[in-house]
Amino acid sequence: MKTRSLAFAVIACFSISPAAFAGGKLRPKILVAERAERVTNDATARFTCELRAFTGSLLHCYGPDAIRAAYGVNALLAAGFDGKGETIVIIEAFGSPTLEADLDLFDATFALPAPPSVRQIRMPGTPPFDVNDDEQVGWALETSLDVQWAHAIAPGAKIVVVAAKSSDDGDVLDAQNYAIKHRLGHVISESFGESELDVSRRTLRGFEMSYHQARERRMSVLVSAGDEGATNFDAEGNLKSFRNVSYPASSPHVTGVGGTNLFFGTADHADPNGTYQGEVVWNEEDLGIGATGGGVSARFREPIYQIEALRSLRSTLKGFRGVPDVGYNAGVRGGVIIATTFTGAKAFFLAGGTSAGAPQWAGIVAITNQIADRPLGFLNPRLYFLGRIGALAPLTHDITIGDNSFAGVDGFSAGVGYDLTTGWGTPNLGVVSLLLSSGDVDDDDCDMDGRN
């Protein structure tokens, strides 16, 4: 089968053709809602949506200032921890013809420094960019989001994009294997997925062998958990009518990233000069958009790091892997700004989806590697150990409100501690990175089917 194609829902500026849902393709997890309009009369806000009310028909948004403040990044940047010496590898399909120009525009807009280096490796056979091809446009937007927001969090890290020649499963796996074989970096971000039920055994084994090799090389892999709540699209582009989770987020060898709606600013509106107001589970079914992926795998047994930490969920997990592992802002209400130039003109868009979380968590891991002065590798054993002993509770934003029910499929509710919508919660980076970088926890705790 093929990896899933376009997983972004476009509200205002683009449309998705039926071909975008052709079976067996990986789908990028970006949702692009609207163009962002510039403002010039505020010292920090660059766009009108950065100052909008949390409620109402107009969507609010965030730039790097707000996101960094919400998740505790600023203190680390001020202390000189910006990912220097690390490389973030981003796996895409097709890539973007204007990756460098888009990043330059983003950096200039938000007064960010240029990265030490950014390069794009296109796998042999990648077709020329076609602005009239919905799938390629979707992946170009995904590439803009991933690169710009990994850089926003870890501006000192190098960035390498490896672009598969198509979104077919095998082609994306080739790109992933290339990145791992050539040891391009110790942090890998992947913002795509498909229902694990639609992945063939052969394809699944190929990806699992690849992730196992990444673990052996002490690489951290961050994967978005999906945008269709407790379900996913089938090969024909129709939502399945029952619970299922997205792969590769359900792999026991990766860290799956779920989604939240972030409220940063004042009590009633966004403001980059404001403060953290709270978060809920990302669920925007009322907008006809999406909700965070999350649930219980049907194909992977519960890895030992979850068995020991999630005893209270034993009756729900029933011996299978729970997804996701962590959370991050994913709302289109409260989406992030991306810059593009591939249409021939400078344009800014408000984007959301769990796509936004994986590259930003990759930035967090790059900073944490820098603090530790070594690659942390697979994060989950350490993450679940800290959760099991109660060390994460005061050090993360624990999301306790909301659920991921979507399209008539009953989802899972948030709760205190770990849950199947946002995992252990969103980062309080200033403290969590220090914890994650201290001590050693054995990460060789599950074999290819997720069991010891």
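**Entry 1**

I began with arginine 46, which counts as buried because its relative accessibility is 17%, below the 20% under which a residue is called buried. I note at the outset that this is a predicted model, and I read every value here as computed from it. Looking for what the side chain of arginine 46 meets, I found a salt bridge with aspartate 65, in which the closest N and O atoms are 3.3 Å apart. The two residues sit in distant parts of the chain, 19 residues apart, with aspartate 65 in helix α1 (residues 64-70) and arginine 46 in the loop between β2 (31-35) and β3 (61-62). Aspartate 65 has a relative accessibility of 29% and therefore counts as partly exposed, whereas arginine 46 counts as buried.

**Entry 2: further salt bridges**

How many salt bridges does the count come to? I wrote down 5 salt bridges, and I looked up two others by name.

One of them joins the side chains of arginine 388 and glutamate 308, at 3.9 Å from N to O. This pair also links distant parts of the chain, since arginine 388 belongs to helix α10 (residues 380-388) and glutamate 308 to helix α7 (residues 304-309), 80 residues apart. Arginine 388 is partly exposed, with a relative accessible area of 40%, and glutamate 308 counts as partly exposed at 36% relative accessibility.

The other is formed by aspartate 325 and arginine 321, whose closest N and O atoms are 2.9 Å apart. Is this pair buried or exposed? I found aspartate 325 to be buried, with a relative accessible area of 0%, and arginine 321 to be buried as well, with a relative accessible area of 0%.

**Entry 3: two cis peptide bonds**

Next I went through the peptide bonds and noted that the one from valine 323 to proline 324 is cis, with omega near 5 degrees. Proline 324 is in the loop between β14 (320-323) and β15. A cis peptide bond also joins tyrosine 247 and proline 248, where omega is about 20 degrees, and I located proline 248 in the loop between β10 (246-247) and β11 (255-265).

**Entry 4: glycine 334**

Where does glycine 334 lie? I placed glycine 334 in the loop between β15 (326-329) and β16 (335-340), and I recorded it as buried because its relative accessible area is 0%. Setting aside neighbours within four places in sequence, I listed His60, Cys61, Tyr62 and Asn329 as the residues in contact with glycine 334. I also looked up asparagine 261, which is 73 residues from glycine 334 along the chain, and the C-alpha atoms of the two are separated by 6.7 Å.

**Entry 5: positive phi outside glycine**

I then looked at residues that are not glycine but have a positive phi, and lysine 318 is one of them, with a phi of about 50 degrees. Lysine 318 is in the loop between α8 (314-317) and β14, and it is exposed, with a relative accessible area of 65%. Aspartate 373 has a positive phi of about 60 degrees, although it is not a glycine either. I found aspartate 373 in the loop between α9 and α10, and at 70% relative accessibility aspartate 373 counts as exposed.

**Entry 6: helix α4 against helix α9**

Turning to helix packing, I noted that α4 (residues 134-153) and α9 (residues 357-372) pack at an angle of about 35 degrees, with their axes 8 Å apart, and that the crossing of α4 and α9 is right-handed. Which residues meet between α4 and α9? From α4 I listed Asp146, Trp149, Ala150 and Ile153, which meet Pro359, Gln360, Gly363, Ile364 and Ile367 of α9. The residues of this contact divide into 6 nonpolar, 2 polar and 1 charged.

**Entry 7: helix α5 against helix α6**

My last pair was α5 (residues 169-181) and α6 (residues 201-216), which pack at an angle of about 15 degrees with their axes 10 Å apart. Angles under 35 degrees count as roughly parallel, and α5 and α6 are therefore roughly parallel to each other. Their crossing is left-handed. The residues that make the contact include Val172, Leu173 and Ile180 of α5 and Phe207, Tyr211 and Ala214 of α6. In this contact between α5 and α6 the residues divide into 6 nonpolar, 6 polar and 1 charged.

Conventions
Residues numbered from 1 in each chain as written. Heavy atoms only, no water. Axes fitted to C-alpha atoms, helices over the stretch in contact; angles between N-to-C directions. Helix = DSSP H or I, 4+ residues; strand = E, 2+ residues; numbered from the N terminus. Left-handed = near helix turned anticlockwise from the far one by under 90°. Contact = heavy atoms within 4.5 Å. Nonpolar A, V, L, I, M, F, W, Y, C, P; charged D, E, K, R; others polar. Parallel < 35°, antiparallel > 145°, perpendicular 65-115°, else oblique. Salt bridge = Lys/Arg side-chain N within 4 Å of Asp/Glu carboxyl O. Buried < 20%, exposed > 50% of the residue type's maximum accessible area, 1.4 Å probe, protein only.
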